[in-house]
Amino acid sequence: MKKYGLSLLCCICISITAIAQKIENLVELKKESGNCLFHHLDKASRTPAFESEGYWVWGSSVVKGDDGKYHMFVSRFPKTLPFHPGWMVASEIVHAVSDVPQGPYHFSDVALPARGAEYWDGRSTHNPRILKQNGKYYLIYMGSTHPFAEPEYDQLTLDSPWCTVARANKRIGLAISDSPYGPWKRLDEPILKTQPGTFYSFLTSNPSPIIQEDGSIIMIFKGRRYINGYQHSAMSLGIAYAPQIEGPYKVLNNNQPIFEVNGQGEAEDPFLWKDSNGYHIIFKDHVAKFTGEQGGGVMAHSKDGIQWTVDKAPKAYSRSVEWEDGKIEMQGQLERPFILFEDGKPIYIFFATMDGPGGFENASRSWNMVIPIKDKE
């Protein structure tokens, strides 16, 4: 790890003016990388894995069904609202289907629609993760609500009442079905609520759960704390455990985060998996601390899910993408990574992405994209 420390610090310093620039030597970087994911990222398809006319599209999760088809659960919200913070007040989780894992996925139905302000998740469902166990399907997701009438485009800002209330109401919940086509039974209460005096006293969000060998659940999630009475903190990542998917969930590590801005660094959009070597995550390098690239991906490893070590070659992916036509382009955003495994092998990585020079307010289109993961040499 030491030989990477100085180079990372230097990279961060010189990248302050370069973090929004395309990485021209991406192909060479992937070829020379010691990172087990970045080294094996293939060329991305120009065909969206999923796109929905008239909607912003964001994070997805995929499972192979009993019918042999592949089922994607993905967030969308109307383009009659600004992307950010439209997702907080009007997102829904929809179900799309494909005969092949890479897609394209075709819209099937709305899995978790709006259901009324009186429900904890009644106005927005977002950031799904789909799990399958013993013939049942489980959607773990972020939900929120607010008591106001639907906003107009120009009314919805980060400081507007809609956003202020909906952000503070973000919680993690669960829906259960016997089929990927539904119907879905949503639990009346979140499975992971806030707790006073903790790093997640303000909100819980962005769940990334896995089913362990004994049927228990380990889940990484994003939290924010209340500060100064009403403001919220920077993002932290924590880890929770439940003996079964329905819960109850308990935050581990004595209610302390595993990644935070004053420790490992501000991290977002984790994807968690486990194999014979332990736990692994990739996440968005929010402030370019680990990779020198704002919005690039970081990989870290753990034996117990609590103490994490960043990979000696930390960059797991880049906002710059190598396309199947040979061009290299930087995406406006590249978030919500999801790796699809088959027979224990990673075969595709999905991302939520958008056009534009960067910044949510500069995009005209968003979609889910997919990158094949090559077999190891």
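## Close-up views of a predicted model

View 1. Strands β1 and β2 form a hairpin with five residues between them, and in the turn G68 has a positive phi of about 80°. The model is a predicted one, in which local features need pLDDT of at least 70 and side-chain atom pairs count only at pLDDT 80 or more, whereas totals for chains, interfaces and linings use all residues. Residues are numbered from 1 along each chain as its sequence is written, and side-chain values use heavy atoms, with hydrogens and water left out. Helices (H or I, at least four residues) and strands (E, at least two) are DSSP runs, numbered from the N terminus. Eight of the nine residues of β2 are buried, so β2 is largely enclosed by the rest of the structure; buried means under 20% relative accessible area, exposed over 50%, and partly exposed in between (1.4 Å probe, protein chains only).

View 2. Because D66 lies in the loop between β1 (55-64) and β2 (70-78) and K132 in strand β5 (residues 124-133), the pair ties together parts that are 66 residues apart in sequence. D66 is exposed, at a relative accessible area of 60%, while K132 is partly exposed, at 32%.

**View 3. A salt bridge between two loops.** E150 and R123 form a salt bridge in which the closest N and O atoms are 3.1 Å apart. E150 belongs to the loop between β6 (136-144) and α4 (161-168) and R123 to the loop between β4 (106-112) and β5, so the pair ties together parts that are 27 residues apart in sequence. E150 counts as exposed, with 52% relative accessibility, whereas R123 is buried, with a relative accessible area of 12%.

View 4. The side chains of E335 and K284 meet in a salt bridge (2.4 Å, N to O). This pair links distant parts of the chain, with E335 in strand β21 (residues 333-342) and K284 in strand β16 (residues 278-285), 51 residues apart. Both partners are buried, E335 with a relative accessible area of 5% and K284 with 6%. A network of salt bridges links K222, E268, K284 and E335.

**View 5. The β9–β10 hairpin.** Strands β9 and β10 form a hairpin with five residues between them, and G215 in the turn has a positive phi of about 90°. Seven bridges pair β9 with β10 (residues 217-224) in the antiparallel sense, and the bridge partner of S205 in β10 is K222, a residue that also belongs to the salt-bridge network with E268, K284 and E335. Eight of the nine residues of β9 (residues 203-211) are buried, so β9 is largely enclosed by the rest of the structure.

**View 6. Helix α3.** Seven of the eight residues of helix α3 (residues 83-90) are buried, so the helix is largely enclosed by the rest of the structure. The buried residues are F83, P85, G86, W87, M88, V89 and A90.

**View 7. The cavity and its lining.** On a 1 Å grid over the protein atoms alone, a cavity is a set of points where a 1.4 Å probe fits but cannot get out, and lining residues have an atom within 4 Å of a point. Grid points are joined across faces, edges and corners, and a volume is the space filled by probe spheres set on the points. The structure holds one cavity of 30 Å³ or more, and the volume of the largest cavity is about 80 Å³. Its lining consists of L26, K30, F38, L41, D42, A44, Y317, S318, S320, V321, E322 and I371. The elements giving two or more residues to this lining are α2 (26-32) and β19 (320-322), and β19 gives the most, with three residues. The lining residues divide into seven nonpolar, two polar and three charged, where Ala, Val, Leu, Ile, Met, Phe, Trp, Tyr, Cys and Pro count as nonpolar, Asp, Glu, Lys and Arg as charged, and the others, Gly among them, as polar.

Notes
A salt bridge is a side-chain nitrogen of Lys or Arg within 4 Å of a carboxyl oxygen of Asp or Glu. Two strands pair if DSSP finds at least two bridges between them. On a 1 Å grid over the protein atoms alone, a cavity is a set of points where a 1.4 Å probe fits but cannot get out, and a pocket is an open set with protein on both sides within 12 Å along at least five of seven lines; lining residues have an atom within 4 Å of a point.
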